[in-house]
Amino acid sequence: MTAARIALRADLDELTDALVDAFADDPVMAFMYPDAATRAALSGAFLRVMLEIGLDHGHVYAAGPNNDAAAIWSPPDVDLFDDAGAKQLWPVLERTLGERAEAVTTALGRIHAAHPTDRGPHFYLGEIGTRATAQSQGLGSLLLRDVLDRCDRQGLGAYLESSNIRNVPFYERHGFGVLSEMEIAPGCIVRPMWRDPR
């Protein structure tokens, strides 16, 4: 299996489709967009902007023959949601969430506030997902491997938030451990996870 590759802007349509499919039943996405009939379209607008922020602020990786999987990483000391990132994100949240925008943004802000600031420089995995038909083929591991290998070489930690309990064992196999559990909405639990360098 080939390695993950740096994504280009031309890849974003396919990568957006892959993430929409990957997050179709994700608890946070279901909290943000509770109507299953419109979730794909609305989450697609949100995830597309996340990919664009990733291109501008960090690293977007792609894997699979048809851009079946994507990961958004930000390197140490780069905040995906700095003023420029927030300026990109807020309009799509207003447009897709309507009157719920402020409440949902407050909940998402709690996730952002849990980001550890006392553990030293680290890479942050903002999003990762694989199209359902391409899952269990090792693409998610490819999207982690290059950055985690770099973390190990450079003595850096890595951090993510898992919004789906089914994914926790996958991250644990790659050296992450759960730091805490945050219920950001009834039944919607997010698990911040940290990995020390090996």
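A salt bridge is taken here as a side-chain nitrogen of Lys or Arg lying within 4 Å of a carboxyl oxygen of Asp or Glu. In this predicted model, D152 and R195 form such a pair through their side chains, with a separation of 2.9 Å from N to O. Because D152 belongs to helix 6 (residues 139-154) and R195 to strand 8 (residues 188-195), the contact ties together parts of the chain that are 43 residues apart in sequence. The two partners are described by separate accessibility values: D152 is partly exposed, with a relative accessible area of 22%, whereas R195 is buried, with a relative accessible area of 3%. The value for R195 falls in the buried class because that class covers residues under 20%.

Across the whole structure, a search finds seven salt bridges, and one of them joins D13 to R48, where the closest N and O atoms are 2.5 Å apart. Since D13 lies in helix 1 and R48 in helix 3, this pair ties together parts that are 35 residues apart in sequence. D13 is exposed, with a relative accessible area of 52%, while R48 is partly exposed, at 24%. Through salt bridges that share partners, D13, R48 and E52 are joined into one network.

Two packed helices are described by the angle between their axes and the distance between the axes. For helix 1 (residues 12-22) and helix 3 (residues 36-57), the axes come within 9 Å and cross at roughly 125°, which means that helix 1 is oblique to helix 3. The crossing in which helix 1 passes helix 3 is right-handed. On the side of helix 1, the contact is made by L12, D13, L15, T16, L19 and V20, which meet A40, S43, G44, L47, R48, L51, E52 and L55 of helix 3. Sorted by class, this contact comprises eight nonpolar, three polar and three charged residues.

A further salt bridge is formed between R166 and D25, for which the closest N and O atoms are 3.5 Å apart. Both partners are found in loops, R166 between strand 5 (157-162) and helix 7 (168-173) and D25 between helix 1 and helix 2 (27-32), and the pair links distant parts of the chain, 141 residues apart. R166 is exposed, with a relative accessible area of 56%, whereas D25 is partly exposed, with a relative accessible area of 47%.

Key:
Residues are numbered from 1 along each chain as its sequence is written. This is a predicted model: local features need pLDDT of at least 70, side-chain atom pairs count only at pLDDT 80 or more; totals for chains, interfaces and linings use all residues. Side-chain values use heavy atoms; hydrogens and water are left out. Axes are lines fitted to C-alpha atoms, for helices over the stretch in contact, and angles run from 0 to 180 degrees between N-to-C directions. Helices (H or I, at least four residues) and strands (E, at least two) are DSSP runs, numbered from the N terminus. Angles under 35 degrees count as roughly parallel, over 145 as roughly antiparallel, 65 to 115 as roughly perpendicular and the rest as oblique. A crossing is left-handed if the near helix is turned anticlockwise from the far one by less than a right angle, and right-handed if clockwise. Contact means heavy atoms within 4.5 Å. Ala, Val, Leu, Ile, Met, Phe, Trp, Tyr, Cys and Pro count as nonpolar, Asp, Glu, Lys and Arg as charged, and the others, Gly among them, as polar. Buried means under 20% relative accessible area, exposed over 50%, partly exposed in between (1.4 Å probe, protein chains only).
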